[in-house]
Amino acid sequence: METITPNPQDNKCKVKQYPPMNTHGVDTEELEKAVCTILRAIGEDPEREGLKGTPERVIRMWKEIYRGYDAENAPAITTFDNEEGMSEMVFDSGDFYSMCEHHMMPFFGQYYFAYMPSPEGRILGISKIARVVGFCAARLQLQERLASDILDMLENALEGKVAGLAIVLKGQHMCKTMRGVKNKGNMCVSLFRGAFKEQSSLREEFYHLVAMN
């Protein structure tokens with residue numbers, strides 16, 4: 001669609017039309033104008049050829065990377081009857097991507113999760129763990145809070161009937177790597193509940209699996 005050159009005096013710019021998104025009560029046109037303002041503030045021209053579609057792309061990107069604010073995007077967490085009364089440790093690992101709430105810059109890395117089912121409870125669909133991690137990471141976060149949010153969501157899915165939960169997040173923070181001290185922004189967070197918190201032998205077994213992955 002046609003893009004109209006903004007009037008410098010009113011600091012407005014025309015925006016393209018695209019499918020609606022959940023902007024939590026904020027008009028999408030206002031959001032794109034805000035991006036135009038930011039581009040001007042850093043010394044750019046929103047109307048130059050390479051930036052004409054940037055406000056629209058930024059809004060669509062926000063819809064994806066901040067999907068964790070919309071409860072409708074929460075994954076359905078499949079659980080199954082623990083028919084055999086299993087209580088052995090179940091381990092899963094993968095990647096996560098999030099945004100730091102202090103500078104709105106990315107932090108990302110690997111997660112390592114384990115739980116011990118309760119013989120009287122249920123067991124998780126293993127693929128749902130990664131979906132929960134992705135959903136909880138898709139908002140402005142602290143790495144410490146992210147670990148807690150993930151365990152809370154999975155524990156709730158198991159209706160609290162779980163013998164133990166453990167998670168380690170190894171992250172790299174761009175707000176430390178790209179700015180400020182400009183040094184490696186590595187950070188590691190661990191959180192244990194139930195049997196993992198009470199028994200050092202279980203933590204050691206868990207850390208051994210983390211080291212192997």
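Helices (H or I, at least four residues) and strands (E, at least two) are taken as DSSP runs and numbered from the N terminus. The structure is a predicted model, in which local features need pLDDT of at least 70 and side-chain atom pairs count only at pLDDT 80 or more, whereas totals for chains, interfaces and linings use all residues. Residues are numbered from 1 along each chain as its sequence is written, and side-chain values use heavy atoms, with hydrogens and water left out.

Helix α1 covers residues 28–41, and its 14 residues reach 20 Å from the first C-alpha to the last, close to the 20 Å expected at 1.5 Å a residue. The expected span of a helix is 1.5 Å times one less than its number of residues. Glutamate 29 is found in α1 and is partly exposed, with a relative accessible area of 28%. Buried denotes under 20% relative accessible area, exposed over 50%, and partly exposed the range in between (1.4 Å probe, protein chains only). Glutamate 29 and glutamate 56 are separated by 27 residues in sequence and by 9.3 Å in space, C-alpha to C-alpha. The buried residues of α1 are Leu31, Glu32, Lys33, Val35, Cys36 and Leu39, and they pack against α2 (54–65), contact being defined as heavy atoms within 4.5 Å. Just after α1, glycine 43 takes a positive phi of about 100°.

In helix α4 (residues 143–157), the 15 residues should span 21 Å at 1.5 Å a residue, which agrees with the 22 Å between the end C-alpha atoms. Among the buried residues of α4 are Leu146, Ile150 and Leu154.

Five strands form an open sheet of mixed pairing, in the order β5-β2-β3-β6-β7. Its edge strands, β5 (140–141) and β7 (186–194), each pair on one side only. Two strands are considered paired if DSSP finds at least two bridges between them. Strand β6 (residues 162–173) pairs with β3 in the antiparallel sense over 11 bridges, and glycine 109 stands opposite glycine 171 in β6.

Aromatic rings of Phe, Tyr and Trp (its six-membered ring) pair if their centres lie within 6.5 Å; planes under 30 degrees apart count as stacked, over 60 as edge-to-face and the rest as tilted. By this rule the count comes to nine aromatic pairs. Tyrosine 66 and tyrosine 69 form a tilted pair, 6.4 Å centre to centre with 55° between the planes. Tyrosine 66 is buried, at a relative accessible area of 15%, while tyrosine 69 is partly exposed at 42%. Tyrosine 97 and phenylalanine 108 form a stacked pair, 6.2 Å centre to centre with 25° between the planes. This pair links distant parts of the chain, as tyrosine 97 lies in strand β2 (residues 90–100) and phenylalanine 108 in strand β3 (residues 106–117), 11 residues apart. One aromatic cluster is formed by Phe91, Phe192, Phe196, Phe206 and Tyr207.
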